[in-house]
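This report takes up how two chains meet and then how one of them is built.

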Amino acid sequence: MSPSEPAGSTDNHTPPLTTGSRLGRLAGIGVVLLGVAGAFLYLGGWFTPHALTPARFVDAFERVAGIHSGFRRNHAKGVCVSGFFESNGQGTRLSKAVVFRTGRTSVIGRFSFGGGNPYVADARDMVRGVGLLFWLSDGEEWRTAMINLPVFPVKTPQAFFDNLVAGQPDPQTHKPDPEKMETFLARHPEAVQAMKIIKSHSVSSGFENSTYNGLNAFRFVDVGGASIPVRWSMVPVQPFVAANTTAADQGDKNFLFDALIASILQRPLQWHLMITVGQPGDVTDDASIPWPDGREQVDVGTLTLDSVESEETSPARDINFDPLVLPAGMAPSDDPLLSARSAVYSQSFTRRAGETKKPSAITPSQVRRKQR
Amino acid sequence: MTAEREQFTVSMRFLHWLMAAMVLTMLGIGVAMVASLADYHALVSLHRPLGIIILLLVVVRYVNRRFSALPPFPATMSSRERFAASASELLLYTLLFVQPLVGWGMLSAARYPIVLYGSLHLFPILPHSVMLYAVLRKTHTVLAYLFFLTFIAHFGAVLFHTLIVRDGMLDRMAPRRVRAG
């Protein structure tokens, strides 16, 4: 045959396939296609139905607190704030992130209580959180979600999940089964150690005078490309006042949020952003262990929050405070909680995004009443 | 005798195999990342820039196709097969273009920063709206499954022609130079 003959002309020299060989080839094609499909199902976790996934994590939050349409599956109750971060330039030797250059960065944020119930009554012993979003001048973003505990109660995503399940209310008694929690703690001695640290830490009287900790270790990368392990905290300028756990809240279900709103309306609230610089050998993959005392602390600037509003009117309600939205100059550490937090927050965000939004516990009119 | 082209041009074959590898990688990353805790961040960080590269490449590929001479369909293809082949090609081109745009749009609607690498990021192409995000996020999944099924059909049809009909179908897109006969 000449090379110029059109492609696809039937080659008369090829003997026809026997029925057996034809079936064999068809079977071969079937095996190849099934193999490709199987590989994708494997990657998607279809053959490991008991592995912990973001969806199963959020399912557990929903089993504990129920499904509240439109709300975050954890840290469901909150109010939104805005203001700015004034950098003093001290952070530039640690990280090349634009947010640390001397100057102002706009910030929006959200204060919240841990837990999936958006209408839970305020209590001083509940975990307080703050999510912050920094709009960097070059269009980058830094998001961080911090809580007022000194360490995280657990080391791994699986331990967090087991802790969540152990604390799930029994359908009959509507209370967590203490035996389940004991079993969990017996299996997780690191959680017992972390709880000791958490219990020995005195709680402040409100959101406005709490220290908020990033807990997980991160890495800062400087202009030269050198990387160091860091942790960060927001330390209040407002003086510490110990929580008086015996004082009555006078029947106000939102007394801690109301106090926060009243104090912001009175005068802007401020926190120092403190960077703790880790030393070689400091654990970066275990947020349940504090770093030794005496680590270098760098005050890199002041956060000022001068405006507060209900979730219903703030863009912060529809923001996912994913702790791995980091600008150039900041990077995740090897802490396994970080990627898991990012994945689970994203799952929670996607589920609530399409749901009808119900009124928040703190409504716009409640904030307005305080303004008068 | 005028030599009729029996293979796609070198540039078309190059873009075909490059994008085939990228798309399979993307479908694999996509299905794995939504089920992963430990690797979620690393996979998402790869998924975003790869998707944008695909969006750029499909534009290049479409223009390249418009200005390239195409080999005729093999004589062994019935008119129905030719229609199916043309339709699936159109569908694949559409998906190559639309799927990255839906991804970019859904991140925009969720007000996520669209980080490609380091401080390099894209502007949002849609306003901040979580309802819009919810719709686009579902669309992204549905289009991914459609993409995968179209790929399986395309791959299966080529294997059938090459191994059963034995009309040298694969040679048309083979990475190497293949002479007919």
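In this predicted model, 49 residues of chain A are in contact with 48 residues of chain B. Two helices of chain A, α1 (19-43) and α7 (336-353), each contribute at least two residues to the side that touches chain B. The largest share of that side, 10 residues, is supplied by α1(A). By residue class, the side of chain A that touches chain B is made up as follows.

| Class, side of chain A that touches chain B | Residues |
|---|---|
| Nonpolar | 27 residues |
| Polar | 15 residues |

Because 17 of its 18 residues are buried, α7(A) is largely enclosed by the rest of the structure. A residue counts as buried here if 20 or more other C-beta atoms lie within 10 Å of its own. Across the 372 residues of chain A, 40% are buried by this criterion.

Chain A as a whole contains 8 helices and 10 strands. The C-alpha trace of chain A spans about 95 × 60 × 45 Å along its principal axes. The radius of gyration of chain A is 26 Å, whereas a compact globule of 372 residues would have one near 21 Å. Among contacts in chain A between residues at least 6 apart in sequence, 76% link residues at least 24 apart.

Methods. Residues are numbered from 1 along each chain as its sequence is written. Chains are lettered from A and ligands numbered from 1 in the order in which they are written. This is a predicted model: local features need pLDDT of at least 70, side-chain atom pairs count only at pLDDT 80 or more; totals for chains, interfaces and linings use all residues. Helices (H or I, at least four residues) and strands (E, at least two) are DSSP runs, numbered from the N terminus. The radius of gyration is taken over C-alpha atoms; the globule rule is 2.2 Å times the number of residues to the power 0.38. A residue is buried if 20 or more other C-beta atoms lie within 10 Å of its own, exposed if 12 or fewer, and partly exposed in between; C-beta atoms are placed from the backbone. Two residues are in contact if their C-beta atoms, placed from the backbone, lie within 7 Å. Ala, Val, Leu, Ile, Met, Phe, Trp, Tyr, Cys and Pro count as nonpolar, Asp, Glu, Lys and Arg as charged, and the others, Gly among them, as polar.
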